[in-house]
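Hello,

I am handing over the structure below. My notes on it follow.

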Amino acid sequence: MSKKVYPDAATALAGLLRNDITVMAGGFGLCGIPENLIEAIRLSGVTGLTVVSNNAGVDGFGLGVLLETKQIKKMISSYVGENKLFAQQYLSGELELEFNPQGTLAERIRAGGAGIPAFFTKTGVGTLVAEGKELREFDGETYVMERGIVADLSIVKAWKGDTEGNLVYRKTARNFNPMMATAGKVTVVEVEELVEPGSFDPDHIHTPGIFVQRIIKGAKFEKRIEQRTTRPRA
């Protein structure tokens, strides 16, 4: 068994969690979130966390459970909806929020993983997003400088992984997970299926194992549906 494989979420996070660190958490809404690792962070009791995630899940599930316990000090996100507690804590001043256009957030994470400290984009120029940031002209157009993000810890969810950390994501659960896997000083992954090396066609691997330090097979996956929409049968 590879040295990267750990028996459970708490063991995989042992020695990595401490107060006031920055954590990247994969997922989009409730799709592709590392449920088991989030729960282990909740049980650890660490506080003062800065969490980089598209959003904070919903009330009572996903990153929402860490808002309930007030373990998160600051969110770096692009969407506040679907979580009333997120909005309440922000509006009351309990929670800091660094708001990003969604594409900018994705690129900040990708840049961090690629070793790019900053980049220029037109998105946000002339809005609150650009306040206090460097502006520069290129070819007669104004751009705002955005910083890449590197986290102390990235927690990632994949569909399948091998014991060397090579990962495959499933459909839209891929979302922010691949780029976050590259942008953590340490990346811990939970998978639904853990297989032996050589099980994947190399061309089908989404995240190479070089980016993954620790991996677990998730104990359970609730996979809640954020908003269920239906239509009458014909």
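**Salt bridges and strands**

Glu141 has a relative accessibility of 37% and so counts as partly exposed (buried means under 20% relative accessible area, exposed over 50%, partly exposed in between, with a 1.4 Å probe and protein chains only). This is a predicted model, in which local features need pLDDT of at least 70 and side-chain atom pairs count only at pLDDT 80 or more, while totals for chains, interfaces and linings use all residues. Residues are numbered from 1 along each chain as its sequence is written, and side-chain values use heavy atoms, with hydrogens and water left out.

The side chain of Glu141 forms a salt bridge with that of Lys122, at 3.2 Å from N to O (a salt bridge is a side-chain nitrogen of Lys or Arg within 4 Å of a carboxyl oxygen of Asp or Glu). Lys122 is in the loop between strands S5 (118-121) and S6 (135-138) and Glu141 is in strand S7 (residues 141-147), so the pair ties together parts 19 residues apart in sequence. Helices (H or I, at least four residues) and strands (E, at least two) are DSSP runs, numbered from the N terminus. Lys122 is partly exposed too, with a relative accessible area of 43%.

By this rule there are 13 salt bridges. Among them, Glu192 and Lys223 meet at 2.9 Å, N to O. Glu192 lies in strand S10 and Lys223 in the segment after strand S11 (214-217), so this pair ties together parts 31 residues apart in sequence. Lys74, Glu98 and Arg108 are linked in a network of salt bridges.

Next, the strands. S1 (residues 22-25) and S2 run parallel and are joined by three bridges (two strands pair if DSSP finds at least two bridges between them). Met24 has Val52 in S2 as its bridge partner. S2 also pairs with strand S3 (residues 72-77), in the parallel sense over four bridges, and there Val52 stands opposite Ile76.

In a regular strand the side chains alternate between the two faces of the sheet. In S2 (residues 49-52), Leu49 and Val51 point one way and Thr50 and Val52 the other, and all are buried. Thr50 has a relative accessible area of 11%. Apart from neighbours within four places in sequence, Thr50 is in contact (heavy atoms within 4.5 Å) with Ile21, Thr22, Val23, Lys73, Lys74 and Ile76.

Last, helix H4 (residues 84-91): Leu85, Phe86 and Gln89 are buried there. On the other side of H4, Lys84 and Leu91 are exposed. Just after H4, Gly93 takes a positive phi of about 85°.

Regards
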